[in-house]
Amino acid sequence: LVMVFYGSNGKSNLVSMENKVEHQAKNQITYDIHLPSDLGMLYKVRLGLQTLENSISQLSLCHFKMQNTSTLDTFSLTINKTLPLSLNGDRWIEFPVEWPLKEALSVVTYHLTVFSSNILSERNLVHMTACIYGTHGDTGDRSLLWSLQNVQQREDNESFLVIMDAVELGELEKVVLLISSKTDCKLDIKKLHLKEAVKEHPIYVFEVNEAFSVDANKPEIQREILLSFVIRGDKQKNAKDNSSHKDGSQARNLTEYTIKVYTGDKRGAGTDANVHIVLLGNEDKSEVFQLSQSLEHRNPFERGKVDTFKIKTKKLGSLHSIEIGHDGKGFASGWFLEKVEITDASRNSVYCFNCNR
């Protein structure tokens with residue numbers, strides 16, 4: 001059994017219960033733990049099994065209580081969970097530390113969707129974990145391939161959902177992947193989508209776009225993937241737009257862009273997924289816009305069609321690049337994008353971004 005303590009001044013290393021002084025009573029063990037540094041006010045504890053050996057079948061945890069022996073601050077919690085959480089499953093649970101007169105963080109269920117081209121066929125050969133970092137700490141290394149939900153397989157594109165519980169992480173910042181294998185294989189990972197289970201948005205998008213070559217003789221591969229962008233959703237965008245119109249001076253500073261999106265004329269080119277775009281200029285970067293209301297077609301992004309959208313955003317200066325993508329929703333969501341043309345009438349400029357993929 002190991003624990004990690006998180007406080008306002010940082011987090012502890014793994015604290016193993018193996019060699020601690022222990023006082024045993026019926027169905028109860030008390031450990032004396034000495035933390036090497038002052039962590040400040042504790043706000044969460046992560047508790048788990050360091051290794052899943054055959055000798056450990058399951059560990060049922062009922063109640064947890066801890067006390068600072070110098071200040072006598074005491075915290076207790078009823079857990080009633082069994083580790084690991086399922087056969088070969090997640091071996092960690094997290095809970096917030098609740099102090100009087102201070103609102104505790106809540107436990108959140110996160111949905112992590114992994115997009116790949118071949119991970120499902122290689123899943124039995126590979127061990128893969130992810131550690132998610134936010135403004136309120138991290139999740140520790142969580143296994144990704146133990147319980148796959150909502151598996152979708154299409155030509156050259158597949159995705160699966162991993163569900164994990166953690167004390168809320170705040171604004172998400174990065175994901176660290178650890179990949180190892182007992183045999184030679186190549187994993188092609190495209191991107192990760194991360195959101196809270198109970199909310200449609202925001203969706204945190206981490207672009208990976210890398211093929212990992214792993215083999216038994218190689219140490220595990222570690223990759224740090226920083227947040228690429230956030231899909232905030234129509235409601236938040238519209239609320240932002242509405243507040244801008246109320247403020248006259250702010251509305252005058254908005255620039256209108258006309259965006260023409262060309263879907264390729266080849267088999268399977270169209271998509272029913274939700275498409276979003278970000279415009280990047282030499283002065284600023286736009287928020288994420290959902291391209292949902294085409295001026296020409298009720299059903300946008302069909303094969304060989306051109307769809308026009310109008311957006312208003314702050315002045316971006318001269319455009320140099322765009323970020324465009326979709327959420328993978330719907331059957332056969334793959335999309336062949338030919339090009340995007342953007343007109344900025346205020347500068348009498350037209351920008352063309354070729355994609356052809």
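Start with the aromatic rings: this predicted model has five aromatic pairs. Rings of Phe, Tyr and Trp (its six-membered ring) pair if their centres lie within 6.5 Å; planes under 30 degrees apart count as stacked, over 60 as edge-to-face and the rest as tilted.

**Stop 1: a ring pair**

Select phenylalanine 301 and tryptophan 335. Their ring centres are 5.3 Å apart and their planes stand at 65°, so this pair is edge-to-face. Now look at where each ring sits. Phenylalanine 301 is in the loop between strand E23 (289-290) and strand E24 (306-313), and tryptophan 335 is in the loop between strand E25 (319-326) and strand E26 (337-344), so the pair ties together parts that are 34 residues apart in sequence. Strands (E, at least two residues) are DSSP runs, numbered from the N terminus.

Is phenylalanine 301 buried or exposed? Phenylalanine 301 is buried, at 2% relative accessibility. Tryptophan 335 is buried too, at 14%. Buried means under 20% relative accessible area, exposed over 50%, partly exposed in between (1.4 Å probe, protein chains only).

**Stop 2: strand E9**

Select residues 92-96, which form strand E9. Five of its five residues are buried, so the rest of the structure largely encloses E9. Trp92, Glu94 and Pro96 point one way, while Ile93 and Phe95 point the other way. Stay on Phe95: ring pairs link Phe64, Phe75 and Phe95 into a cluster.

E6 and E9 run antiparallel, joined by five bridges. Two strands pair if DSSP finds at least two bridges between them. Find valine 45; opposite, in E9, stands phenylalanine 95.

**Stop 3: a four-strand sheet**

Select E24, E21, E26 and E27. In that order they make an open sheet of four strands, with antiparallel pairing. E24 and strand E27 (349-354) are the edge strands, each pairing on one side only. From one strand to the next, the twist averages 20°. Axes are lines fitted to C-alpha atoms, and angles run from 0 to 180 degrees between N-to-C directions.

Zoom in on strand E21 (residues 255-263). Seven antiparallel bridges pair E21 with E26. Valine 261 has valine 340, in E26, as its bridge partner.

**Stop 4: charges over rings**

Select lysine 339 and tyrosine 262. The lysine's charged end sits over the tyrosine ring, 4.6 Å from its centre. Next, select lysine 266 and phenylalanine 336. Lysine 266 lies over the face of phenylalanine 336, 4.3 Å from the ring centre. A charge sits over a ring if NZ of Lys or CZ of Arg is within 6 Å of the ring centre and within 35 degrees of the ring normal.

**Reading the numbers**

Residues are numbered from 1 along each chain as its sequence is written, and side-chain values use heavy atoms, leaving out hydrogens and water. In this predicted model, local features need pLDDT of at least 70 and side-chain atom pairs count only at pLDDT 80 or more, while totals for chains, interfaces and linings use all residues.
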